[in-house]
Amino acid sequence: MTTRTATVTWAQANARRIERQGLAAPMTSSPDRAVAAMLAAHAQVSSAAELSVGLRLAGATRTDVRNALWNDRTLVRTYGPRGTVHVLTAAELPLWTGALSAIPAGTGRDRKDVRLSADQTEEVLAAVGDALTGAELTIDELSDAVVARTGPWAGDRVMPAFQDMWPRWRQVMHLAGHRGVLCFAPDRGRRVTYTNPGATPLDGPEALAGLVHRYLYAYGPATPQHFAKWLAAPNSWAVSVFAEQAGSGAIEEVAHEGGGPAWLVAGDTDFPAGPARGVRLLPYFDAFTIASQPRERLFPGAAYTRALAGGQAGNHPVLLIDGTVAGVWHQRRSGRRIAVTVEPLSPLTAGQLRELEEQVERVGVVLEGKPEMTVGKVTVGPHA
């Protein structure tokens, strides 16, 4: 049962986000459908991405996610929102690359003498795309290929990185992903490799319109500022993008409990009749905790201090109870054994404890291990 509303409460918005992401009840579909539902799965930590996707699917395991990535190729691991590594759907890669390429580029954090010029950037991107077409190269092999196609200047080791210096060209790695000429390929032993996915970006305005629609369907009602934060894009740019979509009638304004006007996909105003219910475990940088706004409602009271790192979501795996963050958790693997420690911020009822045990078992299924649960203090710090 759904209700139609002009003023959207936090409980309504939250319940719909949870329902549409397969967190109310697992989806009976495929890994790419699960990723599409959350738009993108953060994948800097591969096991966290596998868990994000697997927990949204009935009976899925990490093997299913890996097969979708490396065998079926319905998923792609590449540089996504905020320039960080994400898993995206292959079907939506043209939309993503078109939209991400349309975000205004800043000057970057590198010193002026380190930065590439606009012409050098385009030369490097062309070299990356050419070198990776039909190939799977390690970073060292790719570096040699880029320098050979451009010049020694691209290989100057001028970028500080992890107590080392990287070659100049690597400052545009994420941009190569956004342009659709670079993505991750299967590891070669312990070495990461890259390839060219052959994605032709959609035209910028078409891609941005599509991404706004997808974002608001998954996370609306939302403001341009929420959209900008999710993408690490300028607020003024996001305001203009939303204004254009509003002018075309593609999105509509609503009042919401978070304060001030926000936006939905035009006509998409049905919401669940009741609030979110149940106990869920979400891993590091899960899409739901990253993108849902306003953050102080998702992380109420003590959760805002305990489960956020200086206001940044994702650094702690979280315990959700009835749709809001109510604790943190941590898992440590040794062989097939997975030690799961859950720290609720308030005592659990007997029913909540049973649901938590079921969630821990589900984590074990997805990660293909044997879980052992402890309810107690999580002493491990936030993920770096």
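The second largest pocket is lined by 20 residues, and S46, S47, E50, R66 and W70 are those that lie nearest its centre. The model is predicted. This briefing covers that pocket and a three-stranded open sheet with antiparallel pairing; strand β9 belongs to that sheet and also gives two or more residues to the pocket lining.

**Second largest pocket**

- The elements that contribute two or more residues to the lining are α3 (46–54), α4 (62–70), β9 and β16 (324–334).
- Helix α4 gives the most to this lining, with five residues.
- The volume of the second largest pocket is about 310 Å³.
- By class, its lining comprises 11 nonpolar, six charged and three polar residues.

**Sheet order**

- The strands of the open sheet follow the order β6-β10-β9.
- Strands β6 and β9 are the edge strands, each pairing on one side only.
- Strands of a sheet pair through backbone hydrogen bonds, in either a parallel or an antiparallel manner.

**Pairing of β6 with β10**

- Strand β6 (residues 137–138) pairs with strand β10 (residues 191–195) in the antiparallel sense, over two bridges.
- L137 stands opposite Y194 of β10, and T138 has T193 of β10 as its bridge partner.

**Pairing of β9 with β10**

- Strand β9 (residues 183–188) and β10 are antiparallel and pair over four bridges.
- C183 has T195 in β10 as its bridge partner.
- The hairpin of β9 and β10 has two residues between the strands, and G189 in this hairpin takes a positive phi near 65 degrees.

Note on methods: Residues are numbered from 1 along each chain as its sequence is written. This is a predicted model: local features need pLDDT of at least 70, side-chain atom pairs count only at pLDDT 80 or more; totals for chains, interfaces and linings use all residues. Side-chain values use heavy atoms; hydrogens and water are left out. Two strands pair if DSSP finds at least two bridges between them. On a 1 Å grid over the protein atoms alone, a cavity is a set of points where a 1.4 Å probe fits but cannot get out, and a pocket is an open set with protein on both sides within 12 Å along at least five of seven lines; lining residues have an atom within 4 Å of a point. Grid points are joined across faces, edges and corners, and a volume is the space filled by probe spheres set on the points. Ala, Val, Leu, Ile, Met, Phe, Trp, Tyr, Cys and Pro count as nonpolar, Asp, Glu, Lys and Arg as charged, and the others, Gly among them, as polar.
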